[in-house]
Amino acid sequence: MSLLLGVDIGTSSTKGVLTTPDGTVVATAVREHAVSRPHPGWAEHDAREVWWEGFAAVTRELLPQAGGEPVAAVGVSGIGPCALPATAAGEPLRPAILYGVDTRAVAEIEELTARYGAEAIVSRGGSPLTTQAVGPKLAWLRRHEPDVWERTGRLFMASSYLVHELTGVYVLDHHSASQCSPLYDSREHAWIGEWAREIAPGLDLPPLAWPGEVAGTVTEAAAERTGLAVGTPVVAGTIDAWAEAVSVGVTEPGDVMVMYGTTMFLIEVLASRRTYPGLWGTVGVTPGTYDLAAGMATSGAVTDWLRQLTGAAYEELTEEARAAGYGAGGLIMLPYFAGERTPLFDPDARGLVLGLTLGHGRGHLYRAALEGTAFGVRHNLEAMRSAGGEARRLVAVGGGTKGGLWTQIVSDVLGRPQVIPSVTIGACYGDALLAARAAGLSDGEGWNPPAGTVEPDPAAGEIYAELYRLYRDLYPATRDAAHALAAFSREP
């Protein structure tokens with residue numbers, strides 16, 4: 001029986017999985033790595049060391065556990081959208097500039113928005129220019145590192161770089177390309193030639209494929225490095241969050257993935273193209289579908305900050321938060337501890353806790369953090385509905401689904417049930433499914449059945465409705481002060 005290999009390059013680790021064609025997990029492997037932050041606002045990965053060597057190490061760990069069964073196909077994904085400049089031969093010229101957590105290109109965002117017009121950018125590409133966009137990062141590179149730009153011939157993201165190292169093929173999937181704003185036209189499913197020539201002159205933009213299409217096969221050099229057999233098919237791959245959506249069956253219009261992690265991320269699948277100034281509009285993983293995406297700047301990052309600050313274990317904090325009750329004893333938190341992404345797009349937003357008294361303890365703060373992120377989820381889903389989304393089915397994934405309290409709070413705030421899938425190991429599991437489909441071994445039916453459903457508590461929902469109104473009032477009431485404090489913090 002053939003196996004499928006899926007490998008995902010995350011922000012802080014590389015994860016791999018071997019599965020059977022029906023989705024049974026045979027083996028998993030993880031390799032930790034770090035983000036380089038050489039300057040404030042920068043976030044980078046060394047592509048060869050972190051991406052390629054991480055892939056090779058995880059693969060070499062997994063293959064001995066295959067029991068002699070062959071790998072029929074390989075699926076890959078990774079963080080994105082990223083910008084890795086490389087030579088015409090595909091050799092990296094500097095560390096990759098990461099997705100929206102890298103905020104170096106703020107000036108270029110403003111300049112390109114003024115140059116092409118905010119409405120025109122959203123109309124053609126689907127998304128406004130933010131720190132998530134690739135185009136401004138390329139403009140920054142051309143301006144600030146002209147020696148690097150002079151030698152730049154190709155552009156990679158994590159998944160496309162792995163495909164190139166494995167197969168020698170230069171290709172990018174349509175979904176990842178749709179996050180290269182303002183270089184890609186999401187109506188035409190093609191690069192916007194005139195804008196690309198202005199922003200990134202001389203750059204050979206990659207040919208495009210769909211994430212589940214076979215891009216090429218493993219070369220002799222890649223086989224020697226990874227242990228994979230020469231000629232093994234490799235799919236084009238995509239950005240990790242979208243591969244994770246595939247892994248849990250979020251593939252039909254109206255499906256929404258709610259990812260509980262360091263940052264909260266949401267993807268809704270659409271049957272037709274929709275845009276909204278406060279969201280990212282992208283093409284989907286499969287032809288004929290589109291997506292609306294939303295992402296908070298922090299969520300699990302805030303709970304981890306509280307854990308480190310208090311020295312308590314997650315289990316302790318969770319139980320104390322459970323005992324604190326609805327409303328955290330009269331606290332409301334704005335979880336904008338690293339600015340906020342959708343739907344505010346405000347890098348100078350700041351965290352706020354309102355209602356503190358001497359009677360509050362760490363459990364109340366932890367509860368307020370969980371409720372604050374739940375309010376953020378509601379805010380983003382309301383924006384999606386304003387854009388034409390329907391959110392008929394919510395599927396919860398990620399490490400934050402463990403323990404049950406966080407997901408229960410979110411369902412109570414939304415007044416909506418959330419499906420919990422059987423397997424939640426992440427994007428690598430979706431990579432394996434894309435590989436299985438490409439190899440003709442699975443259509444995905446029954447791949448990852450539900451393990452349960454979190455049902456909302458109507459009584460809690462009534463309380464949270466009033467607290468949510470206060471939450472929404474807080475940001476506009478404190479925005480000017482938050483911006484002033486953000487400016488103060490940047491002063492030498």
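Is Arg-392 counted as buried or exposed? At 51% relative accessibility, Arg-392 counts as exposed, where exposed means over 50% relative accessible area, buried means under 20%, and partly exposed lies in between (1.4 Å probe, protein chains only). The model described here is predicted, so that local features need pLDDT of at least 70 and side-chain atom pairs count only at pLDDT 80 or more, whereas totals for chains, interfaces and linings use all residues. Residues are numbered from 1 along each chain as its sequence is written, and side-chain values use heavy atoms, with hydrogens and water left out.

The partner of Arg-392 is Glu-390, and in this salt bridge the closest N and O atoms are 1.9 Å apart; a salt bridge is defined as a side-chain nitrogen of Lys or Arg within 4 Å of a carboxyl oxygen of Asp or Glu. Glu-390 itself counts as partly exposed, at 42% relative accessibility. Salt bridges that share partners also join Glu-44, Arg-94, Asp-102, Arg-104 and Glu-145 into one network. Across the whole structure, the search finds 24 salt bridges.

Another of these pairs is formed by Arg-143 and Glu-108, with 3.0 Å between the closest N and O atoms. Because Arg-143 lies in helix 4 (residues 134–144) and Glu-108 in helix 2 (residues 106–116), the pair ties together parts that are 35 residues apart in sequence. Helices (H or I, at least four residues) and strands (E, at least two) are here DSSP runs, numbered from the N terminus. Arg-143 is partly exposed, with a relative accessible area of 44%, whereas Glu-108, at 3%, counts as buried.

A salt bridge also links the side chains of Asp-255 and Arg-393, at 3.2 Å from N to O. Asp-255 belongs to strand 16 (residues 255–259) and Arg-393 to strand 22 (residues 393–397), so this pair ties together parts that are 138 residues apart in sequence. Asp-255 is buried, at 7% relative accessibility, while Arg-393 is partly exposed, at 29%.

The largest nonpolar core has 161 residues, and those with the most contacts inside it include Leu-5, Trp-51 and Met-257. Such a core is a set of buried Ala, Val, Leu, Ile, Met, Phe, Trp, Tyr and Cys residues joined through side-chain atoms within 4.5 Å. Helix 13 (residues 362–386) supplies the largest share of this core, 10 residues. When residues up to four places away in sequence are not counted, the residues that Leu-5 touches include Val-17, Phe-55, Leu-228 and Ala-435, contact meaning heavy atoms within 4.5 Å.
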